[in-house]
Amino acid sequence: MLPAAVGRSGDKAFRELGYAYVRFAKKHPGLYEATARFPEPDDIDLQQSQQSVVQIVVQALREYQLDEDLLIHIVRGLRSILHGFSSIEQMGGFRLAVDTNQSFEIIINTFIEGIHAVARKNTNL
């Protein structure tokens with residue numbers, strides 16, 4: 001995911017991270033499934049790997065100037081969207097004759113617009 005964010009910030013970085021996540025899950029379904037699990041407390045390597053991914057997302061979100069709690073909410077929301085979309089796609093759940101790439105584009109763009117709305121509200125408090 002890191003290459004997707006290099007040289008980008010804000011919306012562009014956030015969008016590219018989302019696409020990279022979905023592409024990875026599609027290209028490496030077994031590896032994705034293995035890394036998408038919740039690590040055991042003693043699985044330090046997996047915890048560190050997952051934390052490095054979270055930090056990439058947090059860096060992409062810094063431009064939005066969100067407070068720390070809001071940042072966590074946004075990261076959780078993104079993770080839910082990306083994992084949900086990837087998992088459903090992996091299981092063959094999108095069977096309608098409508099382009100899934102376009103669906104994902106609409107979903108990620110809508111989420112980004114939501115971040116902007118929340119950031120505006122957050123700065124007006």
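## Basis

Residues are numbered from 1 along each chain as its sequence is written. In this predicted model, local features need pLDDT of at least 70 and side-chain atom pairs count only at pLDDT 80 or more, while totals for chains, interfaces and linings use all residues; side-chain values use heavy atoms, without hydrogens and water.

Helices are DSSP runs (H or I, at least four residues), numbered from the N terminus.

The axes of α2 and α4 (residues 44–61) come within 8 Å and cross at roughly 155°. Axes are lines fitted to C-alpha atoms, for helices over the stretch in contact, with angles from 0 to 180 degrees between N-to-C directions. The two helices are therefore roughly antiparallel (angles over 145 degrees). Contact (heavy atoms within 4.5 Å) involves G10, A13, F14 and L17 of α2 with I56, V57, A60 and L61 of α4.

## Salt bridges

There are three salt bridges in the structure (a side-chain nitrogen of Lys or Arg within 4 Å of a carboxyl oxygen of Asp or Glu). One joins K12 and E16 at 3.6 Å, N to O. K12 is partly exposed at 43% relative accessibility, whereas E16 is buried at 18%. Buried means under 20% relative accessible area, exposed over 50%, and partly exposed in between (1.4 Å probe, protein chains only).

E89 and K26 form another, at 3.4 Å, N to O. This pair links helix α5 (residues 68–90) to helix α2, across 63 residues.

Notes:
Parallel < 35°, antiparallel > 145°, perpendicular 65-115°, else oblique.
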